[in-house]
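Please read the briefing below alongside the sequence and the coordinates.

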Amino acid sequence: MSGPVGQPKHGQASSLEDTEKVLVVDLGAQYARLIARRVREASVFSEIVPRTITPEEVRATGPIGIILSGGPDSVNADDAVEIDPKILELGIPVLGICYGHQLLARDLGGDVAATGTGEYGRTDMTITGDSRLLGGLDTSQTVWMSHVDSVTTLPEGFTTVASTPGAPVAAMEAPERGYYGVQFHPEVVHTPIGGEVIRRFVQDVCEAGEDWNQASIAEHSIAAIREEVGDGKVICGLSGGVDSSVAAALVHEAVGDQLTCIFVDHGLLRLNEAEQVVKTFRDTFEINLVHVDAAELFLSKLEGVTDPEEKRKIIGEQFIRVFEAEAAKHSDAKFLVQGTLYPDVIESGGEHAAVIKSHHNVGGLPDDMVLELVEPLRDLFKDEVRAVGSELGLPDEIVWRQPFPGPGLAVRIIGDITEERLDLLRRADHIVREELRLGGLEREIWQSFAVLPAIRSVGVQGDFRTYSYPIIVRAVTSEDAMTADWARIPYDVLEKISSRVINEVEGINRVAYDISSKPPATIEWE
């Protein structure tokens with residue numbers, strides 16, 4: 001890498017130009033991401049776009065269908081969220097959901113009003129007419145509602161195909177015109193027929209092919225990487241987590257020995273994790289892997305530090321310095337692999353989902369690093385990343401690895417970090433995760449781990465009084481980590497965990513289970 005020339009640049013190659021896609025227009029819904037995921041589960045690529053998208057931009061994107069999401073407002077409010085109504089005149093099938101359903105009705109000449117009978121939560125719905133989306137289903141259905149306003153007058157050419165006590169027009173269709181609307185939320189799990197409704201829209205109405213699957217995703221990604229990178233050299237900051245591992249495997253499949261992975265081992269990983277990363281990528285995949293063992297450096301910098309934010313700052317800063325020093329040895333590198341996912345892109349864009357995420361997943365790289373970013377996962381959700389990892393042959397231990405904080409075990413030791421405490425925590429944490437796996441619970445749990453507070457409590461083991469550390473077990477269920485509930489682990493599994501930790505890890509004499517949800521607690525302790 002030569003002298004600084006400003007921010008890293010994003011490559012422009014796209015693997016999705018010729019892929020059938022459905023656009024999800026975000027009207028401010030909390031569920032836009034769920035809609036996009038449900039479309040992909042129907043084997044069709046989806047993309048979330050802002051409400052400000054123009055008809056020309058829609059046409060240039062070439063979608064086979066458009067879905068208008070829900071939203072928090074009233075379509076009759078003075079500052080109501082709008083779309084350019086000319087989008088509805090492009091001849092592309094449109095499905096409106098909740099607010100999108102009402103906006104579709106209003107913009108096409110119908111009426112929407114507050115009827116005084118809003119609906120929230122599970123609601124009984126009756127299918128009342130012939131329908132492309134609902135036909136053949138049981139006439140009585142449970143759906144999830146969240147609305148005050150309702151469609152009161154249908155636009156020309158529409159028919160009502162379902163109703164509820166609070167929404168006379170719970171679903172409407174104008175098949176000849178390519179318009180469909182549902183007041184309920186088909187994207188949430190609380191609507192049992194929701195997945196089928198979305199599948200029928202994208203497969204039957206939009207006549208999509210089923211070409212979005214783990215094999216095609218990998219194929220698209222590999223082709224795009226080759227086009228973007230050419231014969232350039234590539235470096236990847238490999239952490240051993242799911243995202244960086246799949247990104248590295250994809251790039252290696254695309255460009256082979258042009259890739260060099262740099263694995264900064266800060267000594268704060270879980271039991272045998274560093275060895276597994278080296279074995280998988282260097283031995284099995286035969287990737288050029290530089291293993292930087294910096295454990296002593298990080299431990300010396302963390303000595304006596306107890307504040308969690310100070311720990312994070314020290315680890316982040318040292319990671320940057322170690323990575324930068326190693327990357328500088330590869331002066332011919334032109335590209336840097338980054339494991340940005342589609343939710344990162346969406347969240348960084350806020351309302352305008354197309355805004356590019358500019359932060360650096362590889363620990364916070366400096367602005368003056370002259371590398372173009374290769375982001376092979378930026379169009380994918382987490383479950384799709386895992387599917388691609390399996391397709392590429394990565395072991396389940398990596399593909400299904402749970403989320404792990406960048407500072408590693410440093411923020412799971414409550415107090416200062418020592419080699420002794422790291423050893424105790426590693427062994428206890430391994431037992432926790434192993435017993436959950438043996439109990440068939442590993443994939444039901446979003447995150448599970450052990451926490452070691454730097455305190456000691458009195459215990460009795462054999463005929464002796466002990467004064468040892470406690471271990472706290474944390475296990476939660478979640479879909480996106482925004483909220484989380486404590487996992488209801490069977491008592492016999494908890495008993496095995498407690499018994500093994502106390503008997504096998506000398507220095508631990510007590511095991512507790514954290515039954516706090518997020519909020520008010522967080523998933524991690526620090």
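The points that follow are grouped by topic.

This is a predicted model, in which the mean pLDDT of the protein is 89 and 92% of its residues reach 70 or more.

**Confidence**
- Residues 1–14 have a pLDDT that stays under 50, and for them the model has 34 contacts beyond four places in sequence.
- The pLDDT is also below 50 over residues 349–364, a stretch with 34 contacts in the model beyond near neighbours in sequence.

**Nonpolar cores**
- The largest nonpolar core holds 46 residues, of which Phe323, Leu436, Ile471, Ile489 and Ile508 touch the most other members.
- Both helices and strands give two or more residues to this core, including strand 12 (259–265), helix 9 (308–327), strand 19 (464–477) and helix 14 (491–504), while helix 13 gives the most, with seven residues.
- Another core, of 42 residues, lies apart from the largest one, and among its members are Phe45, Val229, Leu377 and Leu394.

**The surroundings of Glu187**
- Glu187 is placed in the loop that runs between strand 10 (179–182) and helix 4 (194–205).
- Although Glu187 is buried, it has no salt bridge, and the nearest side chain of opposite charge, that of Arg38, is 7.6 Å away.
- The side chain of Glu187 is instead joined to that of His185 by a polar contact of 2.9 Å.
- Leaving aside residues up to four places away in sequence, Glu187 touches Tyr31, Leu34, Ile35, Arg38, Ile97 and Ile198, so that Arg38 is listed among its contacts even though no salt bridge is formed by Glu187.

Methods: Residues are numbered from 1 along each chain as its sequence is written. This is a predicted model: local features need pLDDT of at least 70, side-chain atom pairs count only at pLDDT 80 or more; totals for chains, interfaces and linings use all residues. Side-chain values use heavy atoms; hydrogens and water are left out. A nonpolar core is a set of buried Ala, Val, Leu, Ile, Met, Phe, Trp, Tyr and Cys residues joined through side-chain atoms within 4.5 Å. Buried means under 20% relative accessible area, exposed over 50%, partly exposed in between (1.4 Å probe, protein chains only). Helices (H or I, at least four residues) and strands (E, at least two) are DSSP runs, numbered from the N terminus. pLDDT is the predictor's confidence in each residue, from 0 to 100. Contact means heavy atoms within 4.5 Å. Lys and Arg count as positive and Asp and Glu as negative; His and the chain ends are not counted. A salt bridge is a side-chain nitrogen of Lys or Arg within 4 Å of a carboxyl oxygen of Asp or Glu. A polar contact is a pair of N or O atoms within 3.5 Å; within protein, one must be able to donate a hydrogen and the other to accept it, and residues adjacent in sequence count only if both atoms are side-chain atoms.
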